[in-house]
Amino acid sequence: MKVVFNAMPTTEAMTLWEGGSDAYGLLPETRTSDGAGYPCRHCLENVDAGEDLLVLAYRPFPTLQPYAETGPIFLHKRPCRRHEASGALPAILTSPDYIVRGYGHDDRIVYGTGAVTPTDQIPERAAELLARPDVAYVHVRSARNNCYQCRIDID
C-alpha cells in the first residue's frame with residue numbers, strides 16, 4: 001500500500017486568492033513572513049521571508065458537523081503551484097513530531113487512531129491506519145497546536 005500526501009485543493013485556494021472568504025466567512029488577513037514557521041497548505045512549502053501570506057480559518061471537511069475541526073492556516077498570498085501528491089514527506093513537516101489521526105468515511109474522527117508520531121514514522125503510521133476498513137483518510141496536524149498540515153490518502 002502506497003500513501004500519498006495531499007495539499008489543500010487548488011479550487012479552495014483559488015477562492016481565497018480571488019478574494020473569497022474563509023471557513024468563518026471572513027476575508028483572510030495578510031501578513032509578511034519573517035521566514036520561519038509559515039507553512040503554505042497549498043504548495044506544502046514554507047513562505048519565504050519577505051513574502052506576503054494569507055492567514056485564515058480553514059475547515060478541511062466537506063460539510064459542517066461536530067468533528068469538522070476548523071483552525072488557522074497559512075497560504076501564499078500569490079498563487080503557488082499545488083504540491084504534487086506523493087509518498088515523500090512534504091517540505092513543511094519540519095517539527096520532530098505530529099499528530100496523525102484517522103477519519104472515517106463519514107468524515108468523523110475514528111477514535112483510538114490519533115497519536116503523536118515522530119515525523120520520520122508518519123508514512124508507516126498512515127499506512128497502518130489506512131489499512132483499516134474504518135479509516136478513509138488521515139490528517140497530519142501540529143502536535144503542539146493541532147493545526148491542520150495536510151491529508152494522507154492511499155494512492
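1. How much area is buried between domain 1 and domain 2? About 1400 Å², of which carbon and sulfur atoms give 60%. Buried area here is the accessible area (1.4 Å probe) that two parts lose on being put together, summed over both. Leu-44, Tyr-67 and Glu-69 supply 41% of the area that domain 1 buries against domain 2, more than any other three residues.

2. This is a predicted model: local features need pLDDT of at least 70, side-chain atom pairs count only at pLDDT 80 or more, and totals for chains, interfaces and linings use all residues. Residues are numbered from 1 along each chain as its sequence is written, and side-chain values use heavy atoms, with hydrogens and water left out.

3. The chain splits into domain 1 (8-76) and domain 2 (86-154), with bounds from an automatic or database domain assignment. Contact (heavy atoms within 4.5 Å) joins 16 residues of domain 1 to 18 residues of domain 2.

4. The interface of the two domains holds 2 salt bridges. A salt bridge is a side-chain nitrogen of Lys or Arg within 4 Å of a carboxyl oxygen of Asp or Glu. Arg-141 pairs with Glu-69 (3.3 Å, N to O). Glu-69, Arg-101 and Arg-141 form a network of salt bridges.

5. The whole structure has 8 salt bridges. One of them joins Lys-2 and Asp-155, with the closest N and O atoms 3.7 Å apart. Lys-2 lies before strand S1 (3-6) and Asp-155 after strand S8 (148-154), so the pair ties together parts that are 153 residues apart in sequence. Strands are DSSP runs (E, at least two residues), numbered from the N terminus.

Definitions and conventions: Helices (H or I, at least four residues) and strands (E, at least two) are DSSP runs, numbered from the N terminus.
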